[in-house]
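Open the model in your viewer and keep the selection panel at hand. The stops below are meant to be taken in order.

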Amino acid sequence: MPQMYQVGSIRIVLENHLVFVWDMPLQFSSYDPLWMFPVAVTCGNTFILKPSEKVPGASMILAQLAMEAGLPSGVLNIVHGANDTVNNICDDKDIRAISCVVQTRAAAKGKRVQGGRTYGARQSIESNSGLEPDTDLGPVISKSAKERIQALIQSGIVGGARLVLDGRNIVVPGFESGNFVGPTILSDVTSDMECYKEEIFGPVLVCMQADSLEEAIDIVNKNKYGNGASIFTTSGVAARKFQNEIEAGQVGINVPIPVPLPFFSFTGSKASFAGDLNFYGKMYFQCFLLYYSETYLVAQPL
């Protein structure tokens, strides 16, 4: 009679990636790195930070502070460059995970990817040099960025949008040649306009009209992006309908920017997210670790 054996145990193993890369956007140049590298290195990874080539200074300061605090040499690394640098990072076989705010070819290379977009807002706006006290709105990042913003505003006007507030010709005394764009409001915008379809990355408010809540939800759901959406209402029925039917990763009820607190996960969706895990919360830590199972075959006669 053949001998019968039973299988032993299975365990889940957590392992660090060894090399983790954060491709940082130009927004929040000090906030974003602090999102990432403290947790990544705590989980046992070597961290490569690729700051925006337009604003690398804050990353260098943070790296210097980390070294002064005792972080071992080689654990946190700063790599400068533009698109070619990012592509080389994505192609490197020793890098097993990458996080970014813009889409790269990392996902196509079989790497773990985080992705998302975040935005900020101000209630009162004073345009001036960023070094001047009480300044709310400084210049945009470059001359080309200013030209792009102005072109998108103009494309909306040509397409039939109504210019409620024009900030294209703002002049800041002492900085007449600066890359300033003042607060701008476009109304009567439609979904086929470039100013609606493209992310403007400037102080431009794009306004659309809807005759009903159903139509407003439909406008949002037809947009390819799904970072977040908010409703302002005193109606519980309207709030619940919006909450249940809107197709966005982050939903705000009487909250203008529905970005979660750190113990929840950042949950942008559709074209606003690429990858398998999000920022913040439990997913945030899972991103820095690899999960796999080990099965132990224990030969025990029955």
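In which hand of crossing does H6 pass H7? The crossing of H6 past H7 is right-handed (left-handed if the near helix is turned anticlockwise from the far one by less than a right angle, right-handed if clockwise).

Some ground rules for the tour. This is a predicted model, in which local features need pLDDT of at least 70 and side-chain atom pairs count only at pLDDT 80 or more, while totals for chains, interfaces and linings use all residues. Residues are numbered from 1 along each chain as its sequence is written, and side-chain values use heavy atoms, with hydrogens and water left out. Helices (H or I, at least four residues) and strands (E, at least two) are DSSP runs, numbered from the N terminus.

**Stop 1: H6 with H7**

Select 213–222 for H6 and 236–245 for H7. Their axes (lines fitted to C-alpha atoms over the stretch in contact, with angles from 0 to 180 degrees between N-to-C directions) come within 11 Å and cross at roughly 25 degrees. The two helices are therefore roughly parallel (angles under 35 degrees; over 145 is roughly antiparallel, 65 to 115 roughly perpendicular and the rest oblique). On H6 the contact (heavy atoms within 4.5 Å) is made by Leu213, Glu214, Ile217 and Asn221, and on H7 by Ala238, Lys241, Phe242 and Glu245.

**Stop 2: the two sides of H7**

Now colour Ala238, Ala239 and Phe242, the buried residues of H7 (buried is under 20% relative accessible area, exposed over 50%, partly exposed in between, with a 1.4 Å probe and protein chains only). Seen down the axis, these buried residues fall within an arc of 100 degrees, so they line one face of the helix; the arc is that of the directions from the helix axis to the C-beta atoms. They pack against H6, strand S11 (229–231) and strand S12 (251–253). On the other side, Gly236, Val237, Arg240 and Asn244 are exposed.

**Stop 3: either end of H7**

Select Ser235, which caps the N-terminal end of H7, with a side-chain oxygen 3.4 Å from the backbone nitrogen of Val237. Then go to Gln250, in the loop between H7 and S12. Gln250 is buried, at 4% relative accessible area, and its side chain reaches the backbone oxygen of Asn227 at 3.0 Å. Polar contacts are pairs of N or O atoms within 3.5 Å; within protein, one must be able to donate a hydrogen and the other to accept it, and residues adjacent in sequence count only if both atoms are side-chain atoms.

**Stop 4: Asp134**

Finish at Asp134, in the loop between strand S6 (112–114) and helix H4 (143–158). Asp134 has a positive phi of about 65 degrees although it is not a glycine, and it is exposed, at 68% relative accessible area.
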